[in-house]
Amino acid sequence: NTYGLKMKASRWLLSTAMSKSPTMPFTLRAMGDERQARLGVTECTKHGVFRDYPVLAEEEGEIVAQVKFTVLLTPNGPQ
């Protein structure tokens with residue numbers, strides 16, 4: 001499946017996202033021009049170029065945990 005993006009903002013966003021964050025999720029704020037990114041993300045998401053991730057919200061009174069870690073991949077395997 002391929003889709004030719006029609007809007008200039010969509011093509012700009014795809015190019016910028018692929019250069020700044022080719023394999024990881026990103027925020028529109030990180031793209032530089034947030035207004036143009038918001039225009040482009042609609043078309044990209046609608047046609048399956050990008051996948052959106054829902055905003056997570058905590059339940060009132062529930063425990064919230066956040067975990068961050070780094071994995072180093074070497075020729076001998078993960079370290």
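**Close-up views of a predicted model**

View 1. Arginine 38 and glutamate 34 both sit in helix α2, four residues apart, which is about one turn of the helix. Helices here are DSSP runs of H or I with at least four residues, strands are E runs of at least two, and both are numbered from the N terminus. The two side chains form a salt bridge, with their closest N and O atoms 3.0 Å apart. The rule asks for a side-chain nitrogen of Lys or Arg within 4 Å of a carboxyl oxygen of Asp or Glu. By this rule the count is one salt bridge. Glutamate 34 has a relative accessible area of 30%, so it is partly exposed (buried is under 20%, exposed over 50%, partly exposed in between; 1.4 Å probe, protein chains only).

This is a predicted model: local features need pLDDT of at least 70, side-chain atom pairs count only at pLDDT 80 or more, and totals for chains, interfaces and linings use all residues. Residues are numbered from 1 along each chain as its sequence is written, and side-chain values use heavy atoms, leaving out hydrogens and water.

**View 2. Phenylalanine 26 against phenylalanine 50.** The structure holds one aromatic pair. The ring centres of phenylalanine 26 and phenylalanine 50 are 5.4 Å apart and the planes meet at 75°, so the pair is edge-to-face. (Rings of Phe, Tyr and Trp, the last by its six-membered ring, pair with centres within 6.5 Å; planes under 30 degrees apart are stacked, over 60 edge-to-face, the rest tilted.) The pair links distant parts of the chain, 24 residues apart. Phenylalanine 26 lies in the loop between α1 and α2, and phenylalanine 50 in the loop between α2 and β1 (73-74). How accessible is phenylalanine 26? At 28% relative accessibility, phenylalanine 26 counts as partly exposed. Phenylalanine 50, at 14%, counts as buried.

**View 3. The largest pocket.** Its volume is about 590 Å³. Of the 19 lining residues, the closest to its centre are Phe26, Phe50, Arg51, Asp52 and Tyr53. Two elements, α1 (8-20) and α2 (34-46), each give two or more residues to the lining. Helix α2 gives the most, with three residues. The lining divides into twelve nonpolar, five polar and two charged residues.

**View 4. Arginine 11 in helix α1.** Arginine 11 is found in helix α1. This arginine has a relative accessible area of 43%, so it is partly exposed. Arginine 11 and glycine 32 are 21 residues apart in sequence. Their C-alpha atoms are 14 Å apart in space.

**View 5. Glutamate 58 in a loop.** Glutamate 58 has its place in the loop between α2 and β1. Buried or exposed, what is glutamate 58? At 59% relative accessibility, glutamate 58 counts as exposed. Valine 71 is 13 residues from glutamate 58 in sequence. In space the two are 27 Å apart, C-alpha to C-alpha.

View 6. The chain has two helices and two strands. Along the sequence the pattern reads α-α-β-β. The C-alpha trace spans about 45 × 40 × 25 Å along its principal axes. Of the 79 residues in the chain, 19% are buried.

Notes:
1 Å grid on protein atoms, 1.4 Å probe; cavity = no way out; pocket = protein on both sides within 12 Å on 5 of 7 lines; lining within 4 Å. Points joined across faces, edges and corners; volume = space filled by probe spheres on them. Nonpolar A, V, L, I, M, F, W, Y, C, P; charged D, E, K, R; others polar.
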